[in-house]
Amino acid sequence: MAPRNEPLDVIKSRRNNTLNALVSSVPYIRWLGIGFDRRGDELTAVLPFDEKLIGNPMLPAIHGGVTAAFLEVTAIVELTWTAIWQDMEQGRIAPDAAVPESLPRLPKTIDFTVDYLRSGLPRDAYARARVVRSGRRYASVHVEAWQDQRSKLFAQATGHFLMAQHG
Amino acid sequence: MNDPTPEGDPEQRRRIARQFIEVIPHARALGMRLDQLSAEGAEISLPWREDLVGDPRSGVIHGGVISALMDTCSGAAVMAHPAGAHSTATIDLRIDYMRAATPGQTIRAKAHCYHITRSVAFVRAWAMDDDESRPVASATGAFTVER
């Protein structure tokens with residue numbers, strides 16, 4: 001953890017820069033328009049609504065594939081963020097989107113199961129992931145997504161991931 | 001989803017196939033192409049694109065793109081099934097990622113609706129790149145049948 005008297009702006013910029021580097025280096029996250037809100041180490045993924053996310057224009061509803069992708073992106077970013085937190089806080093790594101070698105290696109998805117609870121409305125969506133179990137090689141992550149009300153999920157997912165091996 | 005009737009002459013089928021993608025904004029945005037649609041199932045392809053990359057180190061396309069492709073292809077297979085669903089929505093979709101898709105290669109998905117009841121359709125799907133002997137991913141899903 002950061003020393004107690006470390007200046008606040010130093011702490012914030014280290015964490016924000018790392019998160020920005022992680023997110024902005026992935027073209028598909030940018031293409032979908034997903035952003036991340038950070039409160040301490042807690043991340044909330046935000047998917048602003050866009051015309052190109054529609055799967056059913058009659059309702060209209062967000063495409064099931066977009067929902068799956070949003071949940072998977074949230075899981076991968078949360079898992080990576082959790083895995084690099086210590087190294088980031090202790091200054092051992094400082095990821096920079098412009099320097100590909102400085103970026104953390106991403107976990108690989110083994111399987112991903114999405115539970116569609118209600119149709120995705122044409123509005124912004126939010127998601128949070130929880131690393132249920134993280135071993136040296138495998139991790140299990142649960143993700144929840146909602147729109148207007150936090151307690152009314154429109155989708156949830158469980159995925160298994162192969163962690164990046166270092167060295 | 002609109003109702004793409006699998007009947008008709010080849011020209012009409014091509015038109016319906018084009019329309020099927022055109023009416024789904026997300027499928028069009030990803031650059032999907034409906035290659036085959038019949039009672040047997042659906043085949044949809046998606047060319048590799050730089051902005052769909054999920055791992056900047058390798059250039060491998062994001063798993064989410066494969067999910068969107070398999071979900072669309074599975075939905076198309078449900079719609080094309082002779083049971084005659086007017087619309088469908090995903091209830092549950094599980095995807096197994098067997099290997100990374102080769103960067104630069106088009107991904108082709110095939111989906112088959114292997115069982116359908118009055119309200120639920122059960123689908124299996126596969127995703128392949130140029131090496132069809134080693135699938136990139138497989139999926140199994142349950143879909144609603146709206147009548």
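Me: How many bridges join strand 5 of chain A to strand 5 of chain B, and in which direction do these strands run?

Reply: This is a predicted model. Strand 5 of chain A and strand 5 (residues 90-97) of chain B are joined by five bridges and run antiparallel. Within this pairing, Val114(A) stands opposite Leu93(B).

Me: To which strand of chain A is strand 5 of chain A joined, and by how many bridges?

Reply: In a regular strand, side chains alternate between the two faces of the sheet. Here, strand 5 (residues 108-116) of chain A is joined by eight bridges to strand 8 (residues 153-162) of chain A, and the two run antiparallel. Asp111(A) has His160(A) in strand 8 of chain A as its bridge partner.

Me: At roughly what angle do the axes of helix 3 of chain A and helix 3 of chain B cross?

Reply: The axes of helix 3 (residues 64-89) of chain A and helix 3 (residues 63-80) of chain B cross at roughly 155° and come within 8 Å. Because angles over 145 degrees count as roughly antiparallel, helix 3 of chain A is roughly antiparallel to helix 3 of chain B. The crossing is right-handed.

Me: Which residues meet in helix 3 of chain A and helix 3 of chain B?

Reply: From helix 3 of chain A, Gly64(A), Gly65(A), Ala68(A), Ala69(A) and Glu72(A) meet Gly63(B), Gly64(B), Ser67(B), Ala68(B) and Asp71(B) in helix 3 of chain B. By class, this contact has three nonpolar, five polar and two charged residues.

Technical notes. Residues are numbered from 1 along each chain as its sequence is written. Chains are lettered from A and ligands numbered from 1 in the order in which they are written. This is a predicted model: local features need pLDDT of at least 70, side-chain atom pairs count only at pLDDT 80 or more; totals for chains, interfaces and linings use all residues. Side-chain values use heavy atoms; hydrogens and water are left out. Axes are lines fitted to C-alpha atoms, for helices over the stretch in contact, and angles run from 0 to 180 degrees between N-to-C directions. Helices (H or I, at least four residues) and strands (E, at least two) are DSSP runs, numbered from the N terminus. Angles under 35 degrees count as roughly parallel, over 145 as roughly antiparallel, 65 to 115 as roughly perpendicular and the rest as oblique. A crossing is left-handed if the near helix is turned anticlockwise from the far one by less than a right angle, and right-handed if clockwise. Contact means heavy atoms within 4.5 Å. Ala, Val, Leu, Ile, Met, Phe, Trp, Tyr, Cys and Pro count as nonpolar, Asp, Glu, Lys and Arg as charged, and the others, Gly among them, as polar. Two strands pair if DSSP finds at least two bridges between them.
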